[in-house]
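Subject: Structure handover

Hello,

Here is the structure I promised to pass on. Please open it beside this email and follow along.

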Amino acid sequence: MSGPGARGGGVDGTRAGTGGRAAVVHEEPTTGLHIRDIPRELLARVPAEQRGPGLGRDAVRLLVSRGGTRVSLHAFRELPHLLRAGDVLVVNTSATLAAAVDARLGGEALVVHFSTRGDDGRWTVELRAPAGGGTTRPRPGGPAGAVVELPGGRLLVLEEPLAAGADRLWWARPSPARTSPVRPSPVPPSPVPYGVPELLREHGRPIRYAYTERDQPLSVYQTVFAVPEPDGAGSAEMPSAGRPFTADLVARLVSRGVQFAPLTLHTGVASQEAHEPPYPERYAVPATTAALVNAARAGGGRVIAVGTTAVRALESAADPRGVVRAAGGWTDLVVTPERGVRVVDGLLTGLHEPEASHLLMLEAVAGRAAVRLGYAQALARHCLRHEFGDVHLLLRDDNRH
């Protein structure tokens with residue numbers, strides 16, 4: 001378990017396996033770096049604050065990679081001492097939705113994961129099969145034209161897969177609630193209003209994966225940076241890199257001269273089984289954030305993204321010279337080592353699932369050697385993974401550029 005007593009100290013590249021068995025790391029020229037064989041006991045099953053009395057969200061550990069030769073381990077509360085005045089932390093303000101809803105398709109019980117709202121009123125959804133204990137297992141989507149029954153008589157009509165040849169995510173169109181027959185009335189009944197945000201507020205719960213121990217309230221999945229949208233938009237899954245931050249820690253960082261630059265990217269439903277590359281998501285980078293980032297870069301400060309979502313949004317708003325401008329809409333950017341990064345000097349992120357496509361983004365920021373060494377040390381030091389786990393700060397190796 002992680003906790004407030006995490007150790008600090010440097011580790012050089014020749015001792016990466018000290019303290020535990022070495023990580024199994026494979027290099028594949030077509031798909032990049034993949035890390036496999038992570039022990040199940042290193043999956044974070046409950047939030048940090050539930051692991052013992054007196055613990056808070058920031059009671060996790062922080063692995064710091066500086067290039068491909070140096071790794072150190074700290075308590076996350078030490079972050080203010082690891083950054084410097086003039087650095088900018090770019091944070092995602094998207095609020096997490098209660099995106100999982102029980103449903104039925106004919107005689108079959110389902111769980112619908114609402115992923116992303118389209119411009120035409122449709123939603124991308126993932127259909128899952130109940131697996132007992134509040135968890136789910138994969139289920140192919142479709143078929144086209146199928147009508148999914150939601151709570152309150154609401155309906156969801158499946159139309160087409162999100163991507164040709166894939167069947168996990170489907171475009172679906174919400175339909176008004178069914179009304180029960182009633183005695184004639186001199187005043188015709190008004191149509192029953194239908195909105196997915198209202199449905200999620202009334203009947204939804206946070207998406208939960210099988211490695212977690214139990215259901216948690218939605219508040220557990222909100223970061224200190226979350227700002228609810230007036231139209232009910234938000235993220236299907238928590239922008240989890242921001243979860244360990246507390247109001248006290250933010251104040252300490254600001255007092256040391258670290259600035260915060262907000263942006264928004266509404267995350268969709270990730271694939272825990274298939275590790276698909278990211279698909280288009282809605283984002284917004286405000287002018288104030290663009291100005292803060294550009295000023296920091298001009299003044300020698302580092303731009304550190306809190307989460308892969310912040311990297312995707314910020315890099316989508318940057319021109320080839322690395323100048324950031326206010327931008328928004330949909331981004332289909334996939335950050336890879338070949339594409340590289342234009343703005344980001346560091347990334348604070350969780351420890352990702354083996355073979356996750358996000359590992360390519362980590363490579364783009366810090367280099368393959370840093371990711372290899374960092375993940376070997378994460379295993380050796382028994383760092384916990386996933387949204388309730390420990391976090392990893394990767395700082396760009398300037399010698400690579």
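With which side chain does the side chain of Gln216 make a polar contact? The partner is the side chain of Gln50, at 2.8 Å. Before going on, please note that this is a predicted model.

Gln216 sits in the loop between α2 (196-203) and α3 (247-255). Its relative accessibility is 9%, so Gln216 counts as buried; the cut-off for buried is under 20%. Leaving out residues up to four places away in sequence, Gln216 touches Pro47, Gln50, Pro206, Tyr221 and Phe388.

Now the overall picture. The chain has 401 residues, and 54% of them are buried. It holds seven helices and 19 strands. Take the contacts in the chain with a separation of 6 or more: 71% of them are between residues 24 or more positions apart.

Next, the cores. Nonpolar side chains tend to be buried together in soluble globular proteins. In this model, the largest nonpolar core has 42 residues. Val90, Leu314 and Val324 have the most contacts inside it. Helix α6 (residues 358-366) gives the most to this core, with six residues.

Set aside its neighbours within four places in sequence, and Leu314 is in contact with Val90, Leu263, Val293, Val303, Val324, Val343 and Val344.

Then turn to helix α6. How many of its nine residues are buried? Eight are, and the helix is mostly covered. The buried ones are Leu359, Leu360, Met361, Leu362, Glu363, Ala364, Val365 and Ala366. Just after α6 comes Gly367, with a positive phi of about 100°.

One is His382, at about 60°. The other is His386, at about 80°. His382 lies in the loop between α7 (368-380) and β19 (391-395). His386 is found in the loop between α7 and β19 as well. Is each one buried or exposed, or in between? His386 has a relative accessible area of 13%, so it is buried. His382 has a relative accessibility of 46%, so it counts as partly exposed.

There is a cis peptide bond to check too. It joins Gly142 and Pro143, with omega at about 5°. Pro143 is in the loop between β10 (135-138) and β11 (147-149).

Last, the cavities. The structure holds two of 30 Å³ or more. Which residues line the second largest cavity? They are Ala100, Val111, His113, Gly134, Thr136, Arg205, Pro206, Ile207 and Arg208. By type, this lining divides into four nonpolar, three polar and two charged residues. Two names in it have come up already.

- Gln216 and its polar contact with Gln50.
- Leu314, in the core of 42 residues.
- Helix α6, with eight of nine residues buried.
- The cis bond between Gly142 and Pro143.
- The second largest cavity, with Arg205 and Arg208 among its lining residues.

Best wishes

Definitions and conventions. Residues numbered from 1 in each chain as written. Predicted model: local features only at pLDDT ≥ 70, side-chain atom pairs only at ≥ 80, totals over all residues. Heavy atoms only, no water. 1 Å grid on protein atoms, 1.4 Å probe; cavity = no way out; pocket = protein on both sides within 12 Å on 5 of 7 lines; lining within 4 Å. Points joined across faces, edges and corners; volume = space filled by probe spheres on them. Nonpolar A, V, L, I, M, F, W, Y, C, P; charged D, E, K, R; others polar. Helix = DSSP H or I, 4+ residues; strand = E, 2+ residues; numbered from the N terminus. Buried < 20%, exposed > 50% of the residue type's maximum accessible area, 1.4 Å probe, protein only. Core = buried A, V, L, I, M, F, W, Y, C linked by side-chain atoms within 4.5 Å. Contact = heavy atoms within 4.5 Å. Polar contact = N/O pair within 3.5 Å; in protein donor to acceptor, adjacent residues only side chain to side chain.
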